[in-house]
Amino acid sequence: MKAFRRLGIFIAAFIAIVLALALVARATLDAERIKSELGAAVLASKQRTLRIDGELTLSVWPTLGIRLGKASLSERNSATVFATLDSAQLALQWLPLLSRRFVVESVEVAGLGATIVRDKDGRLNIADLLQPSQPGGTPIDIAALHLAHGRLVLRDEQAGRAVAFDDIELRSGRIASTAPATGNIELGARLRVAPEP
(Lines give C-alpha, C1' and ligand atoms only; values in the text may rest on other atoms or scores of the structure.)
Protein backbone atom coordinates (compact mmCIF):
# COMPACT_ATOMS: atom_id res chain seq x y z
CA MET A 1 0.00 0.00 0.00
CA LYS A 2 2.86 2.38 0.86
CA ALA A 3 4.49 1.64 -2.49
CA PHE A 4 1.31 2.59 -4.38
CA ARG A 5 1.00 5.77 -2.34
CA ARG A 6 4.61 6.75 -3.13
CA LEU A 7 4.10 5.91 -6.80
CA GLY A 8 0.98 8.09 -6.84
CA ILE A 9 2.88 10.99 -5.22
CA PHE A 10 5.73 10.57 -7.72
CA ILE A 11 3.34 10.58 -10.71
CA ALA A 12 1.48 13.63 -9.37
CA ALA A 13 4.77 15.49 -8.78
CA PHE A 14 6.02 14.55 -12.24
CA ILE A 15 2.81 15.81 -13.89
CA ALA A 16 2.96 19.02 -11.84
CA ILE A 17 6.57 19.64 -12.95
CA VAL A 18 5.71 18.99 -16.62
CA LEU A 19 2.70 21.32 -16.42
CA ALA A 20 4.82 24.00 -14.76
CA LEU A 21 7.46 23.67 -17.48
CA ALA A 22 4.75 23.87 -20.14
CA LEU A 23 3.35 27.06 -18.61
CA VAL A 24 6.83 28.60 -18.34
CA ALA A 25 7.65 27.64 -21.94
CA ARG A 26 4.41 29.14 -23.22
CA ALA A 27 4.90 32.30 -21.17
CA THR A 28 8.50 32.82 -22.24
CA LEU A 29 8.22 31.80 -25.90
CA ASP A 30 9.10 34.93 -27.84
CA ALA A 31 8.05 33.90 -31.34
CA GLU A 32 9.29 37.10 -32.99
CA ARG A 33 12.77 36.70 -31.45
CA ILE A 34 12.91 33.04 -32.55
CA LYS A 35 11.85 33.99 -36.09
CA SER A 36 14.55 36.65 -36.18
CA GLU A 37 17.24 34.27 -34.89
CA LEU A 38 16.23 31.56 -37.38
CA GLY A 39 16.38 34.08 -40.21
CA ALA A 40 19.82 35.28 -39.10
CA ALA A 41 21.13 31.70 -38.80
CA VAL A 42 19.92 30.76 -42.30
CA LEU A 43 21.36 33.95 -43.78
CA ALA A 44 24.74 33.37 -42.10
CA SER A 45 25.01 29.67 -43.02
CA LYS A 46 23.33 29.54 -46.45
CA GLN A 47 23.23 33.18 -47.64
CA ARG A 48 19.49 32.82 -48.13
CA THR A 49 16.68 34.92 -46.65
CA LEU A 50 14.15 33.02 -44.54
CA ARG A 51 10.90 34.93 -43.95
CA ILE A 52 8.35 33.59 -41.52
CA ASP A 53 5.17 35.61 -41.91
CA GLY A 54 2.86 33.12 -40.19
CA GLU A 55 2.61 32.18 -36.53
CA LEU A 56 5.20 30.10 -34.74
CA THR A 57 3.76 28.10 -31.84
CA LEU A 58 5.11 25.53 -29.43
CA SER A 59 3.50 22.78 -27.38
CA VAL A 60 5.44 20.72 -24.85
CA TRP A 61 3.32 17.71 -23.85
CA PRO A 62 3.14 14.80 -24.57
CA THR A 63 5.57 15.60 -27.39
CA LEU A 64 7.49 18.72 -28.29
CA GLY A 65 5.24 20.14 -30.98
CA ILE A 66 6.25 22.95 -33.31
CA ARG A 67 3.80 24.62 -35.69
CA LEU A 68 4.87 27.08 -38.36
CA GLY A 69 2.69 29.30 -40.53
CA LYS A 70 3.45 30.88 -43.89
CA ALA A 71 7.15 31.09 -44.73
CA SER A 72 9.45 31.59 -47.70
CA LEU A 73 13.11 31.00 -48.56
CA SER A 74 15.03 33.02 -51.12
CA GLU A 75 17.55 31.95 -53.71
CA ARG A 76 21.19 32.12 -52.56
CA ASN A 77 22.44 35.73 -52.43
CA SER A 78 19.21 36.95 -54.01
CA ALA A 79 15.81 38.35 -53.08
CA THR A 80 14.12 35.98 -55.58
CA VAL A 81 11.88 33.47 -53.80
CA PHE A 82 13.03 29.84 -54.13
CA ALA A 83 10.44 28.07 -51.94
CA THR A 84 7.22 28.88 -50.10
CA LEU A 85 5.27 27.10 -47.42
CA ASP A 86 1.68 27.48 -46.19
CA SER A 87 2.12 25.56 -42.94
CA ALA A 88 4.15 22.84 -41.25
CA GLN A 89 4.04 21.04 -37.94
CA LEU A 90 6.10 18.36 -36.32
CA ALA A 91 6.05 16.40 -33.08
CA LEU A 92 9.37 15.41 -31.44
CA GLN A 93 9.72 12.77 -28.75
CA TRP A 94 11.34 14.11 -25.56
CA LEU A 95 13.53 11.24 -24.32
CA PRO A 96 15.71 10.80 -27.45
CA LEU A 97 16.64 14.50 -27.25
CA LEU A 98 18.64 13.68 -24.10
CA SER A 99 20.99 11.57 -26.26
CA ARG A 100 21.09 14.18 -29.04
CA ARG A 101 18.80 12.23 -31.39
CA PHE A 102 15.78 13.67 -33.16
CA VAL A 103 12.91 11.17 -33.18
CA VAL A 104 9.97 12.76 -34.94
CA GLU A 105 6.55 11.17 -34.54
CA SER A 106 5.04 13.02 -37.46
CA VAL A 107 5.68 15.80 -39.95
CA GLU A 108 2.75 17.52 -41.65
CA VAL A 109 3.52 19.98 -44.46
CA ALA A 110 0.94 21.89 -46.51
CA GLY A 111 1.43 24.07 -49.57
CA LEU A 112 5.16 23.54 -50.07
CA GLY A 113 6.26 24.97 -53.41
CA ALA A 114 9.76 25.17 -54.90
CA THR A 115 11.51 25.86 -58.19
CA ILE A 116 14.66 23.89 -58.94
CA VAL A 117 16.80 25.35 -61.72
CA ARG A 118 19.75 23.98 -63.63
CA ASP A 119 21.44 27.01 -65.19
CA LYS A 120 23.20 27.16 -68.54
CA ASP A 121 26.49 26.17 -66.86
CA GLY A 122 24.90 23.04 -65.36
CA ARG A 123 24.77 24.34 -61.77
CA LEU A 124 21.76 23.61 -59.58
CA ASN A 125 20.22 26.35 -57.47
CA ILE A 126 19.93 23.86 -54.58
CA ALA A 127 23.59 22.74 -54.55
CA ASP A 128 24.28 24.62 -51.29
CA LEU A 129 21.23 23.04 -49.61
CA LEU A 130 22.37 19.51 -50.50
CA GLN A 131 25.65 19.92 -48.60
CA PRO A 132 25.43 18.86 -44.91
CA SER A 133 26.05 21.70 -42.45
CA GLN A 134 28.16 19.48 -40.20
CA PRO A 135 29.85 16.21 -41.06
CA GLY A 136 28.20 13.31 -39.20
CA GLY A 137 25.36 15.53 -37.98
CA THR A 138 22.63 14.66 -35.50
CA PRO A 139 20.75 11.44 -36.40
CA ILE A 140 17.15 12.02 -37.48
CA ASP A 141 14.34 9.46 -37.37
CA ILE A 142 10.90 10.40 -38.78
CA ALA A 143 8.03 7.98 -38.14
CA ALA A 144 5.63 9.48 -40.69
CA LEU A 145 5.66 12.27 -43.27
CA HIS A 146 2.66 13.85 -45.00
CA LEU A 147 2.97 16.52 -47.69
CA ALA A 148 -0.26 18.01 -49.06
CA HIS A 149 -0.89 20.45 -51.92
CA GLY A 150 2.78 20.58 -52.93
CA ARG A 151 4.16 22.15 -56.09
CA LEU A 152 7.53 21.58 -57.75
CA VAL A 153 8.89 23.23 -60.90
CA LEU A 154 11.98 21.76 -62.57
CA ARG A 155 13.54 24.26 -64.97
CA ASP A 156 16.43 23.27 -67.21
CA GLU A 157 17.99 26.34 -68.81
CA GLN A 158 20.47 24.19 -70.74
CA ALA A 159 17.71 22.25 -72.48
CA GLY A 160 15.30 25.21 -72.56
CA ARG A 161 12.37 23.39 -70.98
CA ALA A 162 10.49 23.17 -67.72
CA VAL A 163 8.21 20.62 -66.08
CA ALA A 164 5.83 21.27 -63.20
CA PHE A 165 4.27 18.90 -60.68
CA ASP A 166 1.11 20.33 -59.11
CA ASP A 167 -1.12 19.06 -56.28
CA ILE A 168 1.64 16.82 -54.93
CA GLU A 169 0.38 14.49 -52.21
CA LEU A 170 3.02 12.42 -50.43
CA ARG A 171 2.68 10.02 -47.50
CA SER A 172 5.57 7.95 -46.23
CA GLY A 173 6.45 5.54 -43.46
CA ARG A 174 9.64 5.72 -41.44
CA ILE A 175 12.56 7.79 -42.76
CA ALA A 176 15.81 7.59 -40.79
CA SER A 177 19.35 8.80 -41.40
CA THR A 178 20.80 5.69 -39.72
CA ALA A 179 18.43 2.97 -40.97
CA PRO A 180 16.63 1.95 -44.16
CA ALA A 181 13.20 3.47 -44.78
CA THR A 182 10.25 1.26 -43.84
CA GLY A 183 6.58 1.31 -44.65
CA ASN A 184 4.75 2.39 -47.78
CA ILE A 185 5.30 5.53 -49.80
CA GLU A 186 2.27 6.99 -51.55
CA LEU A 187 2.84 9.74 -54.11
CA GLY A 188 0.40 11.52 -56.37
CA ALA A 189 0.73 14.63 -58.53
CA ARG A 190 -0.43 16.32 -61.74
CA LEU A 191 2.30 16.70 -64.35
CA ARG A 192 2.40 19.51 -66.90
CA VAL A 193 4.97 21.02 -69.21
CA ALA A 194 5.51 24.54 -67.96
CA PRO A 195 6.18 27.35 -70.46
CA GLU A 196 9.67 28.80 -70.32
CA PRO A 197 9.78 32.36 -68.92
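Is arginine 51 buried, partly exposed or exposed, and what is its relative accessible area? Arginine 51 is partly exposed, with a relative accessible area of 47%. Here buried means under 20% relative accessible area, exposed means over 50%, and partly exposed lies in between (1.4 Å probe, protein chains only).

Before we go on, a word about the model. It is predicted, so local features need pLDDT of at least 70, side-chain atom pairs count only at pLDDT 80 or more, and totals for chains, interfaces and linings use all residues. Residues are numbered from 1 along each chain as its sequence is written, and side-chain values use heavy atoms, leaving out hydrogens and water.

Now to the salt bridges (a side-chain nitrogen of Lys or Arg within 4 Å of a carboxyl oxygen of Asp or Glu). By this rule there are 14, including these:

| Salt bridge | Closest N and O atoms |
|---|---|
| Aspartate 53 and arginine 51 | 2.8 Å |
| Arginine 118 and aspartate 156 | 2.6 Å |

Arginine 118 sits in strand β8 (residues 113–118) and aspartate 156 in strand β10 (residues 145–156), so this pair ties together parts that are 38 residues apart in sequence. Strands are DSSP runs (E, at least two residues), numbered from the N terminus. Arginine 118 is partly exposed at 31% relative accessibility, while aspartate 156 is buried at 15%. Aspartate 53, at 51%, counts as exposed. Arg48, Arg76 and Asp128 are linked in a network of salt bridges.

Serine 172 is buried, at 11% relative accessibility.

Definitions and conventions. Helix = DSSP H or I, 4+ residues; strand = E, 2+ residues; numbered from the N terminus.
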